[in-house]
Amino acid sequence: MEEENDKNPETTVAPALISVHPTHKFVSAAVGSDLRVFNLQESCVVTLADESGGHKDSIRAIRYSANGQLFVSAGDDKLVKIWATDSWRCIYSVASEKRVSAVGISNDGMFVCFADKFGVMYVVDIEDHNVEDGVTVIKKGVPILSHYCSIITRLEFSPDGRFIVSSDRDFKIRVTVFPKNPVNGAHEIQSFCLGHTEFVSCLTFVGSQKYPLGLLVSGSGDSTVRLWDHTSGSLLDTCYVGAQAEFLPSDGKEEDILPAVTDLCATPDGSLVAVAIQSFYSNFSLPGLMLLRCNQSSKTLSVAKVVSIPGETFIPTSIGAASSAPVLWMVMGASGLHVSESASLARVRGISGFSTSASESLDLETLVLEDAEIPGGELLLQTLQGKLSIGKEAFSAAAEAVKTAMRNLLIKKQYSAERREFRKRGRNDMKGKQ
């Protein structure tokens, strides 16, 4: 289908994304079709080398590989671009039949997986390319599994690389054995992690030297963060973050007190998990984020702190951190806006002390970084935001647009039987059969 024929102003609004290099060498942000990269070590803007001229539509997923040598971006232009971070040259371009909703990179950097909005996951073998020859290689993904027409929202590889975990907007988390030769398909399901009552928006793993296999953490539109034994699918603990953040209803409706968890990020040892929360229905989004303690020995989650961002209404659309630096990076923003100031807006903030020691002290009142204190300073903010200052009215409009866009993407639409048949006739894969 033509992506459900939903190219309208509400669904074309795309939340801003942020991703951090594992050694804190680079910070990348995606705002609409614009991919922005800043080199923290050399304090300079990174110039991207791409023969095709970059993405042509909104980027919906970005991430670095575990060793930081690769970076992947993908989105609504139905392209997956794989970049070598030593040169920031696009070394692979992969065409997708549908718009891409999630990406993952195997721990050994040999395979890139991506999922589309029809619920199919593909794999690309990237071990055979000589990155020194200067030519972008055009590749085609091989389908390896499906979520049966449900939008896949996130892909994560387990710490030991044995499994790839996929979540969808139909409340499911699937744990699949990732085979040595995945191009032949990934047919063995290890488990399903079932328990969420709304869309599953985000996943992350927590682990340490003491617990090398790790545990899975998920966030959902049901306002919970859940801890899982992903090998068995067993639910270990549930943290009701919306209730813990003391959200209050604006008019008594149930949805007003069920803000969605939209992103997660864990410290390297898994002792602390940052949680971004947003309400799709009211003005009670969390102006900042929540930090959870994760006790891997007792297999429990508990609220450590609600971190407010002083001076502005900052509701993160994406968060990220490096494994080697105690800074949590956050971005709030969107593209495809219909506001007078700009068609796209982004605001980047940081919190220092996001580390193992922070899970013990948590004196977070002074940890929110001012613009002058953020690594990279004004040049980084100019690069990732596109501008240094942003008007309050424009940001308010952006926040409302993001709520609508994320609600339309993640909450499954309900159609009458007549409407479903009409939409089915418009699908590209059905046109030749009529």
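**Entry 1. Salt bridges**

Which residues are linked with Arg-60 in a network of salt bridges? I found that Arg-60, Asp-76, Arg-99 and Lys-117 are linked in such a network, a salt bridge being a side-chain nitrogen of Lys or Arg within 4 Å of a carboxyl oxygen of Asp or Glu. I note that this is a predicted model, in which local features need pLDDT of at least 70 and side-chain atom pairs count only at pLDDT 80 or more, while totals for chains, interfaces and linings use all residues. Residues are numbered from 1 along each chain as its sequence is written, and side-chain values use heavy atoms, with hydrogens and water left out.

I counted eleven salt bridges in the structure.

- Arg-36 pairs with Asp-34, with the closest N and O atoms 2.8 Å apart. Arg-36 counts as buried at 12% relative accessibility, whereas Asp-34 is partly exposed at 35%. Here buried means under 20% relative accessible area, exposed over 50%, and partly exposed in between, with a 1.4 Å probe and protein chains only.
- Asp-50 pairs with Lys-81, the closest N and O atoms being 3.0 Å apart. Strands (E, at least two residues) and helices (H or I, at least four) are DSSP runs, numbered from the N terminus. Asp-50 is buried at 16% relative accessibility, and Lys-81 is buried at 0%.
- Arg-154 and Asp-263 meet at 3.4 Å, N to O. This pair links distant parts of the chain, with Arg-154 in strand 15 (residues 152–157) and Asp-263 in strand 23 (residues 260–266), 109 residues apart. Asp-263 is buried, with a relative accessible area of 5%.

**Entry 2. Aromatic pairs**

I found seven aromatic pairs, where rings of Phe, Tyr and Trp (its six-membered ring) pair if their centres lie within 6.5 Å; planes under 30 degrees apart count as stacked, over 60 as edge-to-face and the rest as tilted. The ring centres of Phe-26 and Trp-88 are 5.4 Å apart and their planes stand at 85°, so I recorded the pair as edge-to-face. Because Phe-26 lies in strand 3 and Trp-88 in the loop between strand 8 (79–84) and strand 9 (89–95), the pair ties together parts 62 residues apart in sequence. Phe-26 is buried at 3% relative accessible area, and Trp-88 is buried at 2%. Ring pairs link Phe-26, Tyr-64, Phe-71 and Trp-88 into a cluster.

Which residues of helix 3 are buried? In helix 3 (residues 377–385) I listed Gly-377, Leu-380, Leu-381, Thr-383, Leu-384 and Gln-385. Their cover includes strand 3 (26–31) and strand 28 (327–335), judged by contact, meaning heavy atoms within 4.5 Å. Just after helix 3, Gly-386 takes a positive phi of about 90°.

I next turned to strand 19 (residues 200–206), where seven of its seven residues are buried. Six bridges join strand 19 to strand 20 (residues 215–220), and the two run antiparallel; strands pair if DSSP finds at least two bridges between them. Val-206 stands opposite Leu-215 in strand 20.

**Entry 3. Whole chain**

I recorded six helices and 29 strands in the protein chain. Of its 434 residues, 57% count as buried.
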